[in-house]
Amino acid sequence: MSTHELFAEPNLIQITVWARGVVMNKDARDIVVALTEAAAKEGKYVQAWENYVDLPDRIYVPVRAYARISSDPIESKYVYENENPDIVVVVEETLVKGVPILKGIKPGSTLVVNTRRSIDTILEFLGDTGNLAKIVTVDANSMAEAVMTLSGAEGATDATGIGAGIAAPIAGAVVKATGIVDIENLSSVVKNPTAMRRGYEEAQIRELPAHEVVEEVAVTARELLKQMPFAGTVPSPQVENEGMVTGNWRIQRPVLNQEACTQCWTCWISCPDSCITMTDDGPTFNLKYCKGCGLCTAVCPSGAISRVPELDFKN
Ligand code: SF4
Ligand code: SF4
């Protein structure tokens, strides 16, 4: 018997929520707290926590929050992350592009994405969905106002309440697709039950054909961090640092209008990540590292750089 089998907890449901740093930490936290509080009302055993290794103090860095729900006492108390999620939730849609959100998912798992885009569009970005059995979309941003606050961070009491913003309809969609808790129990713990019920009722759900899991090629930030030398010394930023790829932080891409560009180099000198190169045709952007901060757009005196939603591009 393998160690994995020895410590298996067959009734344990693992939920991983992906969001973007700082501005959406609360949404991720609210989803795991709302679901676990509702489950606790049903006498289930629960855990909910966040993962500090994701550098949540950086704007738009991919971050995760976790929930575990079981009908049995949960034996594994000190885990760092969910290794094999049953349910994956995506709070911000561009995370489906280039971020390993499906890594380690169990057979029969469910993905819930907050997006106004179609399921077909999301599937295009996901590529091979491996063990995924169900995909769900919910346009939570049209159902509730996003709540941006640091209230409730790092164990503090959340003065804004759980599920006041887009977390409520997203949690509603999770319950519709999985039945993980009773909808009435979820309704009693979120601050905006009206939005939660809209998420429940308007979620789009599609079953996917089951097929063998594909080989996992994506590498998580945690694994890359393990390879870094102790004390975190990194090579000079004059070279590309494979241990700190920031392109997947980007939700809007800079796009150049070449005709408007006067080649003044203001954008080049302003980019905080040195990912603009000047060419005879104007600036080019290194999309592996461009985090989409929009600074180049803001400083360009000619208005030559626009910002376009990342999912409008297939590459
Ligand atoms: S958006 Fe512009 S300034 Fe910001 S990282 Fe990308 S290229 Fe650099
Ligand atoms: S700041 Fe604007 S005008 Fe100047 S080089 Fe960059 S894109 Fe061109």
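The lining of the largest cavity divides into 10 nonpolar, 4 polar and 4 charged residues, where Ala, Val, Leu, Ile, Met, Phe, Trp, Tyr, Cys and Pro count as nonpolar, Asp, Glu, Lys and Arg as charged, and the others, Gly among them, as polar. This is a predicted model, in which local features need pLDDT of at least 70 and side-chain atom pairs pLDDT 80 or more, while totals for chains, interfaces and linings use all residues. Residues are numbered from 1 along each chain, and ligands are numbered from 1 in the order in which they are written.

A cavity is, on a 1 Å grid over the protein atoms alone, a set of points where a 1.4 Å probe fits but cannot get out, and lining residues have an atom within 4 Å of a point. A volume is the space filled by probe spheres set on the points. The structure holds 2 cavities of 30 Å³ or more.

| Cavity | Volume | Lining residues closest to the centre |
|---|---|---|
| Largest | about 120 Å³ | Cys271, Cys290, Gly292, Cys293 and Cys296 |

The shell of ligand 2 has 11 nonpolar, 4 polar and no charged residues.

Technical notes
Side-chain values use heavy atoms; hydrogens and water are left out. On a 1 Å grid over the protein atoms alone, a cavity is a set of points where a 1.4 Å probe fits but cannot get out, and a pocket is an open set with protein on both sides within 12 Å along at least five of seven lines; lining residues have an atom within 4 Å of a point.
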